[in-house]
Amino acid sequence: MKTIIISHESDVDGIFSASIALMRFPQAKTFFTSYGKENFLRISEIIYNEIISTQEKGQIIISDLGLNDDMIELFEEIFIFLKSNLWSIIWIDHHPWSEKAIKAAIENGSVLLVLDKTENLCATQLMYEKFLKGNAIAEELSKIAHTTDFFTKDQEIPPLSELIIFYKTFPDFYSRISKLTSIIAKGNLWNTEMQKDYNQFSKLREIAKELTFDKMKTFEMENGIKVSLVSTSPYLQISLFSEEVFKRTGSDIAFFFNKEGKISIRRNNEIVQCDRIAKQLLEGGGHKFAAGGRLKSNPEEIDKVIDEIKDAVNKGIN
Ligand SMILES: [Mn+2]
């Protein structure tokens, strides 16, 4: 049986959960994606091509990606296509799904949904439980992914999150993270090539930090919530960098946006819920402690960005 693994491209949990799936199904092809219509259209294209090109039955393992409401229709079509070709889907995730999305997935007989609703488990842990429970390497990987996904700081680990961020800046990003996934699947967390890449990265990161702090804006809203607005760089790993921003500003919440208007939200305390604020933005979603979306405004027009953020915070806390 053929196996296709599709996982989240942005972080350790996405990569590690794919690595465990790859340990369980070593012949599988791995693909990575992120949120947004364009990304999912690329993935659906891949799915259609893979299935059309074979007579074999197969399965698709989707990991660490939520089914947002605006993607339901697209996936319903994919589900029907898979079902009629005798392919099944195992969808493993830990993001909040709407009832509508859950229904769309489970009402189609070819989808097995493994969805954690506790917000205490990462996708790699779910993958471990589902496919390789008892395997020592997979267990360790699931613990590491949990540390990075929930920022628990319970163990020190190699800077893989930053390495993934660095690889994102290359045109061959997807082949780089696929390679990383198979290295990790062998239980190797760091090698000399990674160290070499990391040395190059850390120089670029330090320059990016200085420039970013220079442009950062911090303001207090009428309701007393202190907000930092950061025009970020591709060399900064948001969750790590947010800690430095909070240390410097004492803000309650920080918004990181890039030139394309993609926005990430992190919080410094429990006054706000990031996912509620994200819902006010385009394609917004995520967890209460970390979320993201897209700006409606032009990221170059900073006053409009500030207005949009203020509006999102006001609506998102009520
Ligand atoms: Mn995750």
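Reply: A cavity is a set of grid points where a 1.4 Å probe fits but cannot get out. The model is predicted.

Me: What volume does the largest cavity have?
Reply: The count comes to 1 cavity of 30 Å³ or more. The volume of the largest cavity is about 40 Å³.

Me: How many charged residues are in the lining of the largest cavity?
Reply: Tyr35, Gly36, Phe40, Asn68, Asp70, Met71 and Glu283 line this cavity. By class, 3 are nonpolar and 2 are polar. The charged residues number 2.

Me: Which element gives the most to the lining of the second largest pocket?
Reply: This pocket has a volume of about 410 Å³. Of its 17 lining residues, the closest to the centre are Lys215, Ser231, Thr232, Phe257 and Lys259. Two elements give two or more residues: strand 7 (226-231) and helix 9 (192-215). The most, 4 residues, comes from helix 9.

Me: Which exposed residues does helix 10 carry on the face turned away from its buried side?
Reply: Ile238, Ser239, Phe241, Ser242, Val245, Phe246 and Thr249 are buried in helix 10. They cover an arc of only 155° around the axis, so they lie on the same side of helix 10. Their cover includes helix 9 and strand 7. The face turned away carries Lys247 and Arg248.

Notes: Residues numbered from 1 in each chain as written. Predicted model: local features only at pLDDT ≥ 70, side-chain atom pairs only at ≥ 80, totals over all residues. Heavy atoms only, no water. 1 Å grid on protein atoms, 1.4 Å probe; cavity = no way out; pocket = protein on both sides within 12 Å on 5 of 7 lines; lining within 4 Å. Points joined across faces, edges and corners; volume = space filled by probe spheres on them. Nonpolar A, V, L, I, M, F, W, Y, C, P; charged D, E, K, R; others polar. Buried < 20%, exposed > 50% of the residue type's maximum accessible area, 1.4 Å probe, protein only. Arc of directions from axis to C-beta. Contact = heavy atoms within 4.5 Å.
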